[in-house]
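Morning, everyone. Let me put it on the screen.

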Amino acid sequence: MIRVLGPEALTEVARGMRDIDRREICALAATDDPVEATAHLAFVPHIGASVHGRDDAPIAVVGAMFLRPGVVSVFMFATDRWREVAIETTRFVRRILLPTLRDAGIHRLECHSLDDHFDAHNWLRYLGADREVPEPDFGKNRENYVLFTMSRAALERVTSAGK
């Protein structure tokens, strides 16, 4: 079940976050606490959803945070139960999130991903993002990242099939 992202689901998913997501997010934050590292999402302009399992527990958080006019940073993190909601989350992104961003006039999507978060890289490529550049020493402890992006042309291409 998909719901509008609220603070309770955000906190619950952050508390139970997968290790790879925790490493990826906390390396770009001033804290190593995943709840604190993601708390800003409740206060910055964003479009977000929580994805819940059959038992109604929030399992994943997905969305886009507005960085500047026409540009968003996309995010997704999940608990170890990710596989239960991976298909539903992917459908939501393809059918709702990406077309909403397109219709809002977004011309660039960005995602900074830890260089060894291969599942995230594959998912981003599947959704239509391109691996743009490596980002050596990008994290607070010199962790390496990769920047994935989606241009306006790519956004229109991947959302046109659903029109």
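Ser-113 stands opposite Val-146 in β7. That pair belongs to β5 and strand β7 (residues 145-151), which pair in the antiparallel sense over seven bridges. Pairing here needs at least two DSSP bridges between two strands. Helices are DSSP runs of H or I with at least four residues, strands are runs of E with at least two, and both are numbered from the N terminus.

Some housekeeping. This is a predicted model, so local features need pLDDT of at least 70, side-chain atom pairs count only at pLDDT 80 or more, and totals for chains, interfaces and linings use all residues. Residues are numbered from 1 along each chain as its sequence is written, and side-chain values use heavy atoms, with hydrogens and water left out.

For angles, axes are lines fitted to C-alpha atoms, for helices over the stretch in contact, and the angle runs from 0 to 180 degrees between N-to-C directions.

Next, β4. How many residues of strand β4 (residues 71-78) are buried? Eight of its eight. Buried means under 20% relative accessible area, exposed over 50%, and partly exposed in between, with a 1.4 Å probe and protein chains only. In a regular strand the side chains alternate between the two faces of the sheet. In β4 both faces are covered: Val-71, Ser-73, Phe-75 and Phe-77 on one side, Val-72, Val-74, Met-76 and Ala-78 on the other.

What does β4 pair with? Strand β3 (residues 58-68) runs antiparallel to β4, joined by eight bridges. Met-65 has Ser-73 as its bridge partner in β4. Two residues separate the strands of this hairpin, and Gly-70 takes a positive phi near 85°. Then comes strand β5 (residues 108-114), parallel to β4 over three bridges. In β5, Ser-73 has Glu-110 as its bridge partner. Val-72 stands opposite Leu-109. Five of the seven residues of β5 are buried, so the rest of the structure largely encloses this strand.

On to the helices. β4, helix α4 (residues 82-103) and β5 form a right-handed β-α-β unit. Right-handed means that, with the strands pointing away from the viewer, the path from the first strand over the helix to the second runs clockwise.

α4 also meets helix α5 (residues 118-127): their axes come within 11 Å and cross at roughly 35°. The α4 side includes Trp-82, Val-93 and Leu-98, and the α5 side includes Asp-119 and Trp-123. Contact means heavy atoms within 4.5 Å.

Last stop, His-117. Where is it? In the loop between β5 and α5. His-117 counts as buried because its relative accessibility is 4%. Leaving out residues up to four places away in sequence, His-117 touches Arg-18, Ile-20, Asp-21 and Glu-24. Ile-20, Asp-21 and Glu-24 are among the buried residues of helix α2 (residues 19-26).
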